[in-house]
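Please open the model in your viewer and keep the selection panel at hand.

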Amino acid sequence: MTQNSSNENEVHSQTPALDGAVGSPNTPLPQLRVPATYMRGGTSKGVFFNLSDLPLSAQVAGKSRDDLLLRVIGSPDPYGKQTDGMGGATSSTSKAVVVSKSLSSDHDVDYLFGQIAIDKPFVDWSGNCGNLSAAVGPFAIHSGLVDQERIPENGVVDVRVWQANIKKTIVVHVPILNGQVQEVGSFELDGVTFPSAEIQVDFVKPTEGSNSMFPTGNIVDRLDIPSIGELDATLINSGIPTIFIDAGAVGYQGVELQGDINGDPQALEMFEKIRAYGALKMGLINSLEEAKARLHTPKVAFVSPPKDYLSSSGKSVKACDIDLLVRALSMGKLHHAMMGTAAVAIASAASIPGTLVNKAAGGGHKRSVNFGHPSGTLKVGAKSEQSEAGWEVEKVTMSRSARVLMEGWVRVPF
């Protein structure tokens, strides 16, 4: 089973590409050799492609593209390891990106993100990856997709990215040194072992699609979930559709690490049920059954006021140094740090008085928050304002980093 969004057609091929050979079903064919770049962006990794380098059948949205990316990453894998592919068997490392030169004069590139299921033949195109968004700018420059006259000898180039999944603009501020992307630096990002150059990422008007930020019109809703009970939730469309609940309402402190959640099947089942009922309330699905085919969105996260805790690396995080605690689940498991798009949702919700996120952060109108996650802390800023139409967020800003890990060709039995 595959899922394809019509938004994918926002990316167009610019040049012809190698197409797959066709032969007898009984005749083994050589592997395809597809140009690709393996990159880290923020706390995620993925395989990046220039659209025009894909086989012709995969240059358009559909089964051929999904099948290709599944095989590149190594899914579906009933062993859950993705040993025969480029995936790392986690939601953070089972990702693919397709980039092309934009046909729009006010953007440099169009960017598509595919979240690859690990144990199912499924590519979810319903949302974005905020972490890998930071790597799209450097990849575009490396690939010659940004006009050379826009790249300074030294300084910063603002790569204007059209995120085709959610039809939003992202501006990636890429540092340039001696005419090349600067990847090495002293910026440290919790969840990433080694320092790199800092990349500022701006998510412009991040409310998803044409939807309102709060799809129900409320900043806090009540979910009535069988076997769980009634839960207050903030349901928000910003960066990525996200369901925020209070940690204490489901028996947690907000300081939990991956092992505390991911090793507990009952906890995972509970969070998935909350996610399904929240998705239904948000109007993202028409029936609870549909949640099984929409794995990437919405996200579910739980928040709490600040507390002291030890991060997954053993680093001490003090309550006095953070505004709140947030733990989020991605593809059915607690994330090891924080998804970039969920950080956009956190910043947006924190900036609006009365949301559960804002209350956990102490209330009031906030321009930025520093929140604690399993790997450490992250500071995000949001510019929001209230109008007759309701709350709107103009921009969310965060710092990430990105680096090319390997470039060349990926071999695909396709």
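**A tour by selection**

Begin with helix 4, which provides four residues, the largest share of the lining of the largest pocket; helices (H or I, at least four residues) and strands (E, at least two) are DSSP runs, numbered from the N terminus. This is a predicted model, in which local features need pLDDT of at least 70 and side-chain atom pairs count only at pLDDT 80 or more, while totals for chains, interfaces and linings use all residues. Residues are numbered from 1 along each chain as its sequence is written, and side-chain values use heavy atoms, with hydrogens and water left out.

Stay with the largest pocket, whose volume is about 830 Å³. Select T90, S91, I118, M331 and K333, which are the closest to its centre among the 35 residues that line it. Here a pocket is, on a 1 Å grid over the protein atoms alone, an open set of points where a 1.4 Å probe fits, with protein on both sides within 12 Å along at least five of seven lines, and lining residues have an atom within 4 Å of a point; the volume is the space filled by probe spheres set on the points, which are joined across faces, edges and corners. Then colour strand 2 (44–50), strand 4 (109–116), helix 3 (258–262), helix 4 (265–282) and strand 17 (333–334), the elements that each give two or more residues to this lining.

Next select helix 5 (residues 340–350), where 11 of the 11 residues are buried, so that this helix is largely enclosed by the rest of the structure; buried means under 20% relative accessible area, exposed over 50%, and partly exposed in between (1.4 Å probe, protein chains only).

Move on to helix 1 (residues 63–73), whose buried residues include R65, D66, L68 and L69. The buried residues of helix 1 pack against strand 2, strand 3 (95–101), strand 4, strand 5 (123–124) and strand 21 (402–412). Just after helix 1, select G74, which takes a positive phi of about 100°.

The structure holds zero disulfides, a disulfide being a pair of cysteine sulfur atoms within 2.5 Å.

Finally, show the whole protein, whose secondary structure comes to six helices and 21 strands. Of its 414 residues, 55% count as buried, and the C-alpha trace spans about 60 × 50 × 45 Å along its principal axes.

Conventions: Contact means heavy atoms within 4.5 Å.
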